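Please look at the model shown below before reading on.

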Amino acid sequence: MRLLSHNMLSSNIKGVTNGFPLRIEAEKVVEKQVDLNVDFLKNMFPKIEWKALVEASRTMGYAKLPEEVEPSKLDSEDFLQKFHHALLELVLEEGALVCPETGRRFPVSKGIPNMLLHEDEV
């Protein structure tokens, strides 16, 4: 699971009011090369919850993103490379996503998160 997907996911358990961001428990992280698409990054930037991306990337062993960022950084080639790497090239292959409110673990296997809820969680 790429951090782009992680940044869009939240826990939908019945009664949960704080289901984002899901905490990552990484067992296996891989890097997969993806062609850099500057236009895509510039269009996605306003949709990304930056603090969640930074925390998730650090959990997966990548600490090169700044804590805070201004849109003007999108003019920097160096920043775009780091943003691209964190968002699209880091892949959680095995592990879990954990609801910040309930602690419910959603397993990630072969890069695919299982977000299915139990009957009592719907």
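The sections below begin with how the model is to be read and then turn to its parts.

## Basis of the model

This is a predicted model, in which local features need pLDDT of at least 70 and side-chain atom pairs count only at pLDDT 80 or more, while totals for chains, interfaces and linings use all residues. Residues are numbered from 1 along each chain as its sequence is written, and side-chain values use heavy atoms, with hydrogens and water left out.

## The cavity

The structure holds one cavity of 30 Å³ or more, a cavity being a set of points, on a 1 Å grid over the protein atoms alone, where a 1.4 Å probe fits but cannot get out. About 60 Å³ of space lies in the largest cavity, the volume being the space filled by probe spheres set on the points, which are joined across faces, edges and corners.

His 6, Pro 21, Leu 22, Arg 23, Ile 24, Ala 52, Glu 55, Ala 56 and Thr 59 form its lining, where a lining residue has an atom within 4 Å of a point.

## Packing of helix 3 and helix 4

Helix 3 also packs with helix 4 (residues 77-89), at an angle of about 70° and with the axes 10 Å apart. The two helices are therefore roughly perpendicular to each other, a term for angles of 65 to 115 degrees. Trp 50, Leu 53 and Ser 57 in helix 3 meet Phe 79, Phe 83, Ala 86 and Leu 87 in helix 4, contact meaning heavy atoms within 4.5 Å.

Buried residues of helix 4 include Phe 79, Phe 83, Ala 86 and Leu 87, where buried means under 20% relative accessible area. The buried residues of this helix pack against helix 1 (3-6), strand 1, helix 2 (38-44), helix 3 and strand 2 (90-98).

## Two backbone features

Most residues other than glycine have a negative phi, and most peptide bonds are trans. A cis peptide bond, with omega of about -5°, joins Phe 20 and Pro 21; Pro 21 lies in the loop between helix 1 and strand 1 and is one of the residues that line the largest cavity.

Lys 110, although not a glycine, has a positive phi of about 55°, and it lies in the loop between strand 3 (105-109) and strand 4 (112-113). Lys 110 is exposed, with a relative accessible area of 65%, exposed meaning over 50%.

Terms used. On a 1 Å grid over the protein atoms alone, a cavity is a set of points where a 1.4 Å probe fits but cannot get out, and a pocket is an open set with protein on both sides within 12 Å along at least five of seven lines; lining residues have an atom within 4 Å of a point. Axes are lines fitted to C-alpha atoms, for helices over the stretch in contact, and angles run from 0 to 180 degrees between N-to-C directions. Helices (H or I, at least four residues) and strands (E, at least two) are DSSP runs, numbered from the N terminus. Angles under 35 degrees count as roughly parallel, over 145 as roughly antiparallel, 65 to 115 as roughly perpendicular and the rest as oblique. Buried means under 20% relative accessible area, exposed over 50%, partly exposed in between (1.4 Å probe, protein chains only).
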